[in-house]
Each structure stands twice: as C-alpha cells, then as structure tokens.
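Dear colleague,

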Amino acid sequence: MPLTLDGGREEPVAGLDANEVFQKYLGRLKEQIPTNQRMTLIHCPTFNFDSLNIVVARNRSYYVYPPTGLQCLKAALSDLDIEVDILDLNYLLLKKICETEDADYLDLTPLLDEYFDSNDVSVVGVSAGVTVSNVFDIERHPFVQTLNYLAAKGRYLVLTGGVIANNECHSLLRKDLTHFVFDGEAELKLRFFLGQWFGFEGHARTPGIYFKYENQILETREDRDVVDFKWDVITTYDNIPVEGYNEVGCLSPFSRMIGRESKYGTVQLVRGCRAHCTFCGVTPFMGAKVRHYSIDTVLSEIEFLVEERGVSHIEWLDDDLLVDREIAVQLFKKMIDRKFGVTWAANNGLIASSLDEELVRLMVESGCVGFRIGIESGNDQILRRIKKPASTTTLRKASKTLAKFPELFVVGCYIIGFQGERYEQILDTFKFSLEMNLSWSGFAVCQELQDSNVEGEFESDLENENPEGRKKITDFVPSKESTERAINPGKEQYDSIFDLPGDAIPSPEQLNEMWFAFNLFANYIYNKNLRRGGAPGKFIRWVQVIQLGYPCNAVISMFLYLAYLLDGQTANASDQLERTRNNLKESEYWVKRFKQYGLDRVMESSPEDSSGAQKILQEFRDRCDSMMECV
Ligand code: SF4
C-alpha cells in the first residue's frame, strides 16, 4: 500500500506500506520508552497567552469548560487494562490565577512538575482545546509549552489530538513535539493504538494516526472509522471537580448571566453537523455523519450533574442540537417531565432554519435562557458561497418566530471579511443585523491563517501544487486580541468606514474598524432594549457580564449608565458614570473613540433620569443615521 506524504503525494518507501511502518515505528519506540499501564490526558489552557488579562481572569470571565472530549476518550478506554487520568490544566491555571499571587502565571512548568513528580505515567495525550490557534506564533503557547515540557523529559510516549493538533499536525511531527497525531474523533483510533502499544487484542485498525518516520509524515491506512459513542461518561467525573468550575471561570456569557454562583456542566446530544460551511472546521473534524447519543443517556448525565454534583445550569456542546426535530422534541419534553430545574443555553449556536414556534416553546419550558444562531452574512450571494444552510428569507422567518419569545436572549452571529467580500456585501450584513432585531449581534472578522503545516523543506513543492492549500480560515473577535482589548490602538485619528466605495475589498485594519462601528451601532446605539418600550433590564444583565471581560471599556460603562437610568436604578447609574469618567481618564484611546462617534456629549451634559437618557440615545441614533446616509 502506498504511503501518504505531505500534501497527499503518494510514494512507495522501501517496499513497505504505512501500516507496516507504523508497527516498525512502535517497536522502535517501545525499546526507547519505559512502559507502564498508566496514561494521562491533558486539557491545555484555552485562553490566549498573548493577551492574558489578570483582572478579567479574576472576574471569572475566561471560559472553563469541563474537559468533555477527554472524558469521552477516558470512557472509551474504560474496558482496557489501563489507568487513565485527566489533567485539566485550563482549570488549574485559572484557579491559580484567581487564588494566588504569582509573578509568572504563564509558565506551566510548576503545574506540570507538580503533577508529573507525583504521577508515574508512560503515555500522555495532549489536547490543545479549540480556541487558540496559530500555535507557533504565540509566545509560550500552552499547547507548545506542554509538548516541549514532555519532549524534554524524554520518557513519555506523547500523543496529540483535537482541532489545533490536527491543524498543526505536520509541524508538530516535524518539530518532534509529539510521536503521534490523531485525526478527528479519536475514540476508536486510541483503542486501536493502545491495543498495539500494550498488546491488547481485538481492536480494529483505523486510519488517521499520523507519525514521522525517517523524516516523512505517514498516516495509518484503513477505511474511515465512525464513532458511535456507547460508553458511560458519568464514571469519568470522578476526578473532575465540575462543581468548582464556576469558581474560576464561566461557560459563556449565558452561564454568567445566570449568576456566578450557579454551578454548571456540559452535555451533548448530537455529534457532528448536517452542514458544510466553508469556514468551519466542525464537519471536517467530526466527519459528515451526524450521530445522536441516546436520550436516556443524556438525561442520566443531566440527572447525575444536578443531583450528585449540584449543577443548576447546562450548556449544550452540540454543533447542531436540532438536526433531528423529533429527537429534540422528545428530549425537551422529557426534560420538562423530569423537572430537573436547570437552566440551559446553547452557546455553540443553533441552525436558525430549525426553529419553529412549537420547538422554541418546548426549549423555553425545559429551561432554555438563550442561544446563539449562526447568521454569518446578510448577503445571499455570500451565504451561498460559504455554504451556509440559510438564506435571508429563512433567517427573517426565524427572527419573526423568536420575536414571540422575549424571555430568551438570542445572539445573532455574523462574520465580516470573507475572502473577496466587497464592502457593499459587508454593509448588507450590518444592515441585516439591525433588521434581525435580536438581543445581541456577535460580529467576528474572518482571518486567513498561514498554514504552518506548509513550511520548511516542503514549502515550494506544495505552493506549486496547491496554492490554496496555504489558506486556513478562522474567525476572530478583534477586541480579544490584545490585553488592553482595544481596536487599532495607537492611531492618531480613526477614519470613517462609511465612505468606502461599494466594490472595495477592505483591508484587515478597515475590517477591525468596521467591527468596532458595527458592534457600537448594533449592540449599543440601536439596541432594541434601549429604545422606548424596550427591556433595559435585559440589556443590563448581558452587558454586566460583558463588562467583566472588558473592565476598562468606556463604551460599555457609558451605555450601562444610560441603561440603568432607563431602568430607574439611579445608584447603579451613578457608579457606571463614575466608572466611565475613570475609564476615559485612564485611556487616551477611549477619549478618541468617544470623540469619533460623538459619545463625549454624554460626559459634557450627563442625563439624570430616564427621559434624559432616552433623549441622548435618540441624539446618538440621529447622528448615526446621518453618518450612514450615504450607504
Ligand atoms: S452550521 Fe455551524 S457548525 Fe455546522 S458547519 Fe456551519 S458553522 Fe459549522
């Protein structure tokens, strides 16, 4: 059988096939690495080490998810004669930041030493989590740091998996940071691999285990494995302190909106997604086949979390929770019958076309407080191009349905700056976000990443073969990219983004400016809950949470001040006005931003009651209307 090399080129090597080379390589490693029947799975920190903000961490604003993916792997290995432990570095590091003073939190060595000095294991699996990409561009990236630590010890068999490991597969192997990379869902691959390593019989061979042999990147060959998950995840909670995760972080703004003291957990009904959006890694990673966990299994896990671990808020990890309407209906009905008393949210997002009134009603009755929906674009041409399972027509229909459920907090998610996207198409997205009239609009900028798998000695060949192969697409929120959480800081003056020619393709800097303007306009100035007849309390509950992540943001404090006035909470309004003054005093950046959009008017003549707040908000809207007149 031919070997697969970089870029899919196939060449025979010394008459051996990839699977034979795999066995040979394992044999070689067994001679070098001491073996015992103990394995540790590491969940790396998922926040960006380049922009760590200690205040934000201590506000418990970073995401701390239970390591569900690793728990699934542990469950899948439960019948093998191996002791498997999970080391949740994300949780431990945030706990350390919250509880101790330390000069250098971002050095993971003390945490790793503490663990490995007292745990004698021979196999270590490392997952990078999903939120931090560009691993080799970020100083002390936690994933790379962990792998360097293990490589320096030289006594562990190191396995890697997860989205980031898959993206960086070839680079990780070439740099000798891992022995094997597991592609996509890893349960069956790991069972096969450990069977080979420890000598357990009867585990079918799988494809998708990458390794480096004599300077070539190879992959085991077999028909694609599809994981039909049948194992019991509940048993894996033994060493997961799930009841303490809310003490060091949150799951999403939804979980924080419920209250910091609310213990939370995660569950999953569906693996995979029916769609194939071009910018999204879910389907390539999970495979095209959508699978359901049994409803009873999911209900048992919720019951366990609620009754045994005190959890009162649940987050669905699904990428397509509503793919099978009948199953979703049954699930929500049973949740209602079982009276779990939990709230739940779907921060990963729901597909809008699946929302109908009966289903949404059941969602609300079963505890739903809110969710995101992936809208991405307000331009049908772009929606078709990115293969989004939606059109502006179906999205408008969803908006009408959702308007009947004002108790829900629904965030519409948009991406601007797709490759070749014209300014006029981006403006369609902004205008559509206003038309959708949801509780919040989450904008992100599309970013093309350098593919670090394509480098070094193979670079020129691959560029010639497949120039598109260098492109990886991701989306990011510009305000999270720096510790100060500012957009294009340091500029003398900010240009208007509303006078570009319609056919212009905006630069990355212009896209960041658009992100700033769209976020300000859609979420603050035009927010439906700050208009007459709106629900300022709903705005306050959400924006209070956002403020924990952006404590120095003067726009947030200023609009919270106005919202509190609208809601009749004058003491809280005064606090936020004072906070705005301080934020402006501390930051030339925010002074310039206030001037740019005429927000400084509030500081010159600050309203003292609801009607004053309403008047100034209307002035803002009039001013923005005139700024946008030309578009
Ligand atoms: S619908 Fe969502 S999860 Fe599914 S492929 Fe598209 S972006 Fe990804």
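Helix H21 (residues 554–566) and helix H22 (residues 570–586) pack with their axes 8 Å apart and at an angle of about 160°, helices being DSSP runs of H or I with at least four residues, numbered from the N terminus, and axes being lines fitted to C-alpha atoms over the stretch in contact, with angles from 0 to 180 degrees between N-to-C directions. H21 and H22 are therefore roughly antiparallel to each other (angles over 145 degrees count as such). The model is a predicted one, in which local features need pLDDT of at least 70 and side-chain atom pairs count only at pLDDT 80 or more, whereas totals for chains, interfaces and linings use all residues. Residues are numbered from 1 along each chain as its sequence is written, and side-chain values use heavy atoms, with hydrogens and water left out.

Among the residues that meet between these helices are Leu560, Tyr561 and Tyr564 in H21 and Ala573, Leu577 and Leu584 in H22, contact meaning heavy atoms within 4.5 Å.

The axes of helix H12 (residues 295–309) and helix H13 (residues 325–338) cross at roughly 35° and come within 10 Å. Here Ile295, Asp296, Val298, Leu299, Ile302 and Glu303 in H12 meet Ile327, Gln330, Leu331, Lys334, Met335 and Arg338 in H13.

As to domains, the assignment, which is automatic or from a database, gives domain 1 (3–219), domain 2 (250–522) and domain 3 (527–631). In domain 2, 36 residues are in contact with 25 residues of domain 3. About 2,700 Å² is buried between domain 2 and domain 3, with carbon and sulfur atoms giving 68% (accessible area, 1.4 Å probe, lost on putting the two parts together and summed over both).

Methods: Helix = DSSP H or I, 4+ residues; strand = E, 2+ residues; numbered from the N terminus. Parallel < 35°, antiparallel > 145°, perpendicular 65-115°, else oblique.
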